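Please walk through this structure with the sequence and the 3D view side by side.

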Amino acid sequence: MVGAQEVTGAIADPGLTSLAWIVVLLPLVSFFLITFFGKRLPAGGAWIGIGAMALCLAISLGILLHFVQGGEASEASVSWFRIGPLEFELGQLVDGLTAVMLVVVTLVSLCVQVYSLGYMHGDARFTWFYAVLSLFTGAMLDVVVANNLFQLLVGWELMGISSYLLIGHWWEEKENSNAAIKAFITTRVGDVPFMFGIFVLTVAAGTSNIGRISEVAETGEASTLLITAGALLLFGGAIGKSAQVPLHVWLPDAMAGPTPVSALIHAATMVAAGVYLVGRMFTVFVHAGDVALDTVAIVASVTMLIAALLAMIQDDIKRVLAYSTVSQLAYMVAGLSLGEAGYTPGLFHLFTHAFFKALLFLAAGSVIHAAHTNNMSEMGGLRKMMPLTFVTFSIGSAALSGIPPLAGFWSKDEIISTAFREGNYFVWAIALVTAILTAFYMMRVVLLTFFGAYRGHGHPHESPPSMTGPLALLAGLSVVVGFLGAPQLNAVFADWVHFGEEAHAEPFSYGFAAVSIIGALLGLLVGYRLYRGWRERDPVRRLGPFYTLLERKYYLDDVYLKGIVRPLQYPIPRAVDWTNQRVLDGAVNAAAWATKKLSLGVDVVDKRAVDGAVNGVAFGAGATGGLLRYIQSGNVQRYAVFLFVGVAILAIAITRF
């Protein structure tokens, strides 16, 4: 059972694995400390976040070493609360996959926080930036260690809130606030099926425990239809978080945020969470119906190709990297779609990509910090002014392009070759074409940014050590981490993520490697031929109508804007307002009018009938009383007259009748 192992029995020596919860807790504590006390501390409290992350990295490395030395996995939890038969837990599942991701997240986050000392220096909300950065990292770490889906959901949603705050950090500019709102809403769309997927799998297994759900899927205790529905719904969440078609549109716009945020989102948090989710719940996807993995493969293949094409035409250096991230995330998802054979390649690319993509974004930030622009058309010639940034960016570009022996070569080649071996020629062909396009657009970026004459108006210079130090570290890792998956070196990465099972490593295929290398070199060559000299008119404009299609981003933003956003902003609100005023308010006003008229009628009846009757009775009583008073006056003569008249009338009546 890959993806999640149900850990049973006592663990005699769990080592540092029992301390994984500290790795989650420290950034969250850091968030509160920086928020409440940061402005009173040196460096705005930044060193609290950096120190906490350094300690988290040390513990994470210890946990990974535990597995390198053959240690055992561990799982622990405490009861949170209970609703009927369903018990909610707070727990941790620490296996090889967890250990790998803990190191990735904490290392990249530490680099980003150190880098931000220089990049964000002097920012008006410097302290708040570091506070939310800690919250963002803590949320991702919770996703990594959670042993149940509801706890994972908590971290998942906290990441959404944190990304909104960080992308919109400079909210005074409308572009930034719009990007934050777009990211938040788009990812929430994916979260709806994700939550329903959690409900479905919890019902199927009777628990939200990931290990138990995986066991139910593997043993067939729940129906295939139910497991398939749960898998597809979970994948909806991955589509949103990992920016896959059709919810990929938020990620390029998220580049409006500070560059350190972009690096963290693209390398180790947020977008990595979707891929990690598929990896963690991999047993569910494998034992669902064929439609589940087929859907994953189709979405990934379409995404990787269209994103790579969009990266070819961007002028904003961060947008090139953003579309590249979308494409590479699809690479990982495509690897996982290949079934059990693709489990290790997909996760290995997630691992290697984190280092060279963080490197590329931070190096791009160094360039932007020096040139004061994101546009490559206003750069050029920076290799002489920023030699360290140039070297590190070139290493990251080569790794992303799949040039051996850098990290990206090993993981991308493994996905491409596995797709061919598994007979999925559709994924294989798309992945190979995407690899060629990746090399092409990265050569374009390097040439436009660092070669030729400087076309800007500032005075670029190398960034301070707080920024270049993380670049050097990540560049070194981008060179060496690929060897962890090299078959020639026993592919130890496979042993880590297949904990508890024998990892079957395919022998290295020099034929497939040659195809991958030739494809990458072809892309680099075409890119060099087209961009070795600066031209005012971008050569890719020769694509004509297809260029227009790419420039308009396949019109997807237009469809969403005009088909969803604008109707929600104008016609629908106006219709609701009209209904409110004419129908609802009309009904209320009509009821008020009717009530008023009815009250007037009641008033008339009350005054004329009820009061009249009462007054008539009173008048009659008064008149009768007056008559009786007159009759009963006590005058004897008057009584005699009344007696005589009465007798007379009686006599006449008797005589008459």
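The paragraphs below take up a hairpin, a helix pair and the nonpolar core of this predicted model.

Between the strands lie 2 residues, and Gly84 takes a positive phi near 60°.

Next comes a helix pair. Two packed helices are described by the angle between their axes and the distance between those axes. For helix 3 (residues 96–119) and helix 10 (residues 259–267), the angle is about 170° and the axes are 9 Å apart. Angles over 145 degrees count as roughly antiparallel, so helix 3 and helix 10 are roughly antiparallel to each other. Helix 3 contributes Val108, Ser109, Val112, Tyr115, Ser116 and Tyr119 to the contact, while helix 10 contributes Thr259, Pro260, Ala263, Leu264 and Ala267. Sorted by class, this contact of helix 3 with helix 10 has 8 nonpolar residues, 3 polar residues and no charged ones.

In soluble globular proteins, nonpolar side chains tend to be buried together. Here the largest nonpolar core has 199 residues. Helix 15 (residues 343–371) supplies the largest share of this core, 17 residues. The residues with the most contacts inside the core are Phe235, Trp250, Ile265, Met281, Phe285 and Phe393.

Which residues does Trp250 touch, leaving aside those up to four places away in sequence? They are Lys182, Ala183, Thr186, Thr187, Gly240, Lys241, Ala243, Ile265, Met270 and Val271. One of these, Ile265, is also listed with Trp250 among the core residues with the most contacts.

Notes. Residues are numbered from 1 along each chain as its sequence is written. This is a predicted model: local features need pLDDT of at least 70, side-chain atom pairs count only at pLDDT 80 or more; totals for chains, interfaces and linings use all residues. Side-chain values use heavy atoms; hydrogens and water are left out. Two strands pair if DSSP finds at least two bridges between them. Helices (H or I, at least four residues) and strands (E, at least two) are DSSP runs, numbered from the N terminus. Axes are lines fitted to C-alpha atoms, for helices over the stretch in contact, and angles run from 0 to 180 degrees between N-to-C directions. Angles under 35 degrees count as roughly parallel, over 145 as roughly antiparallel, 65 to 115 as roughly perpendicular and the rest as oblique. Contact means heavy atoms within 4.5 Å. Ala, Val, Leu, Ile, Met, Phe, Trp, Tyr, Cys and Pro count as nonpolar, Asp, Glu, Lys and Arg as charged, and the others, Gly among them, as polar. A nonpolar core is a set of buried Ala, Val, Leu, Ile, Met, Phe, Trp, Tyr and Cys residues joined through side-chain atoms within 4.5 Å. Buried means under 20% relative accessible area, exposed over 50%, partly exposed in between (1.4 Å probe, protein chains only).
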